[in-house]
Each structure stands twice: as C-alpha cells, then as structure tokens.
Protein chains: 2
Amino acid sequence: MKSYCKFESALDILVGKWKSVILLQLISNGIMRFSELQRAIPDINKKMLTQQLRELEYNDIVYRKVYSQIPPKVEYSISDYGKGLSTVLQALNDWGEAHSEHMIELYGADRSGN
Amino acid sequence: MKSYCKFESALDILVGKWKSVILLQLISNGIMRFSELQRAIPDINKKMLTQQLRELEYNDIVYRKVYSQIPPKVEYSISDYGKGLSTVLQALNDWGEAHSEHMIELYGADRSGN
DNA sequence: CAGGATCCTCGCGGATACTG
DNA sequence: CAGTATCCGCGAGGATCCTG
C-alpha cells in the first residue's frame with residue numbers, strides 16, 4: 001500500500017470558497033489584473049479576493065507582480081511552480097465529471113446546478 | 001485548454017474535517033466497524049464520525065453494511081466505486097508531498113506538524 | 001454497539017467604509 | 001486601482017445526554 005499521508009495537506013491548499021474559481025480564471029486567461037479578476041468573478045468582494053489570492057501566493061501557486069506606480073497595478077498569474085498543479089486539477093476534474101454522472105445514475109436528476 | 005469545470009464539485013466531496021482521515025483508515029485497514037474507527041481516530045466524536053461517514057456513503061465512496069442484531073454491528077469499507085478515487089488520492093498525495101518539500105525550501109523549517 | 005437529538009462555540013466568509 | 005480595517009451572521013464542527 002502506498003503512502004497516502006500528505007493528501008490532506010494538499011487538499012487544504014485548494015480549499016477556500018473562491019480558490020477554485022480564481023485558479024480557473026488564471027489558468028484559462030493567463031495574466032490578470034486585480035480588477036479583471038473582480039469583474040470575472042462578480043460575486044466576490046475585494047477582501048475575499050485579496051485573502052484567497054494571498055493564500056495562493058503564500059503557497060507559491062500564484063505569482064503576484066506589483067507595478068509601483070500610481071494608480072497601482074497588480075497582475076496575478078499561475079506561477080511556474082503552480083503549473084505543476086495542472087495534473088492534480090485534471091485528475092480531480094475528470095473524477096468530478098465521472099462522479100456527477102454516477103450520482104445521476106444513483107439518484108436520478110442532476111442537482112449540480114451547472 | 002481542457003475543461004476544468006467539475007473539479008470544484010470533486011473537491012467538495014473530499015472536504016470535511018475528518019473525511020481524509022476516515023478514508024485513510026478504510027483504505028489501509030479494509031473493513032472496519034464503527035467502534036474500530038472511533039478507536040483509530042481518538043479525537044473524533046460519534047456525531048462527527050457518523051456525519052462524515054454518511055456523506056461519504058451518500059456519495060457512494062464508502063459502503064455501509066448493517067447487521068440486524070443486538071448489539072448492533074455496522075461495518076464500513078471503501079465501496080467498489082469509491083476505489084476509483086485512489087488515482088485522485090494518489091495524485092493529491094504525491095503533489096502534497098512534493099509541495100511540503102517546496103514549502104520548506106521557500107520558508108525554511110517544516111511547519112507541517114507531521 | 002451504533003447511533004440520534006440538542007445546544008453551543010468559533011472562525012470563515014461577507015458587507016461596508018476608509019486609504020495610499 | 002488595489003487594497004486594509006471593522007464589524008457581523010451563519011453554519012461546520014464539537015460536547016453532552018439520550019435510545020433501540
């Protein structure tokens with residue numbers, strides 16, 4: 001039997017109400033400014049956006065580039081290291097897709113709200 | 001660019017303070033009774049153990065076998081379907097391991113409490 | 001033995017206002 | 001523009017007691 005002892009810590013890093021959406025945006029759009037992220041995710045507020053971005057930055061998943069100018073300009077992107085997540089994300093995504101099918105088989109209607 | 005739209009729902013299923021520990025136990029020990037799980041995870045209480053098990057059961061990750069007898073006997077195990085998670089778990093675990101190394105490189109000491 | 005029912009706490013997430 | 005600072009509600013998680 002393999003190790004399986006650090007997947008909990010891995011989970012923690014992805015957990016947070018907005019982490020996934022943010023990641024999704026940055027993955028598909030590349031570099032994005034703070035305000036672009038705000039517009040792309042209308043239901044989030046600045047505090048949450050900042051907070052979740054900081055956590056992702058702390059874990060070196062996203063890269064934060066600050067232009068020291070006025071008005072300020074900050075760009076976010078998936079860091080080189082963060083790109084290593086893609087395998088995991090893909091695995092999770094594939095399983096998630098299969099699972100929603102499975103749930104439909106088991107319980108009937110689709111309640112995913114997708 | 002691949003889809004990446006269901007990995008959020010996949011995450012939800014693994015999230016919960018005790019899901020990972022429970023899964024770990026069931027993966028490595030196979031079939032376990034309720035009380036065995038309790039003993040294996042001393043810090044959990046019955047309510048939480050029951051609740052998290054029910055959620056996993058609802059998602060068809062764990063199988064619950066009830067022996068109608070007195071005193072009651074209930075056995076839990078990873079369902080056949082749930083075994084399909086192993087790939088994902090392994091991916092998460094591998095990344096988690098690499099990541100904790102990476103964090104040490106970045107910030108020095110190991111704060112994982114492992 | 002394997003829960004169910006109740007009550008409570010604590011911190012995540014959110015609304016709003018202010019600032020360099 | 002890209003944030004901080006404060007305040008607050010709500011729900012996941014927990015302690016405790018009861019039951020078939």
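Tutor: Happy to! Let's begin with a term: a residue is buried under 20% relative accessible area, exposed over 50%, and partly exposed in between, using a 1.4 Å probe and protein chains only. Please keep in mind that this is a predicted model, where local features need pLDDT of at least 70 and side-chain atom pairs count only at pLDDT 80 or more, while totals for chains, interfaces and linings use all residues. Residues are numbered from 1 along each chain as its sequence is written, chains are lettered from A and ligands numbered from 1 in the order in which they are written, and side-chain values use heavy atoms, leaving out hydrogens and water.

Now to the rings. Rings of Phe, Tyr and Trp (its six-membered ring) pair if their centres lie within 6.5 Å; planes under 30 degrees apart are stacked, over 60 edge-to-face, and the rest tilted. By this rule there are 2 aromatic pairs over all chains. In one of them, A:Y58 and B:Y107 are stacked, with 4.5 Å from centre to centre and 15° between the planes. This pair crosses between chains: A:Y58 belongs to helix α4 (residues 46-58) of chain A, and B:Y107 to helix α5 (residues 86-107) of chain B. Helices here are DSSP runs of H or I with at least four residues, strands are runs of E with at least two, and both are numbered from the N terminus. A:Y58 is partly exposed because its relative accessibility is 44%, and B:Y107 is partly exposed at 36%.

A:Y107 and B:Y58 are stacked as well, at 4.5 Å centre to centre and 10° between the planes. This pair also crosses between chains, from helix α5 (residues 86-107) of chain A to helix α4 (residues 46-58) of chain B. A:Y107, at 35% relative accessibility, is partly exposed, and so is B:Y58 at 43%.

How are the two chains related?

The contact involves 45 residues from chain B and 43 residues from chain A. Together the chains bury about 4400 Å², with 67% of it on carbon and sulfur atoms; this buried area is the accessible area (1.4 Å probe) that two parts lose on being put together, summed over both. On the chain B side, B:Y4, B:F7 and B:W95 lose the most area to chain A, together 18% of what that side buries.

Let's finish with a residue from chain A. A:F7 sits in helix α1 (residues 7-14) and is buried, because its relative accessibility is 1%. Leaving aside residues up to four places away in sequence, A:F7 touches B:S20, B:L24, B:L89, B:L92 and B:N93. With the same exclusion, B:L92 touches A:F7, A:A10, A:L11, A:L14, A:V88 and A:L92.

Note on methods. Contact = heavy atoms within 4.5 Å.
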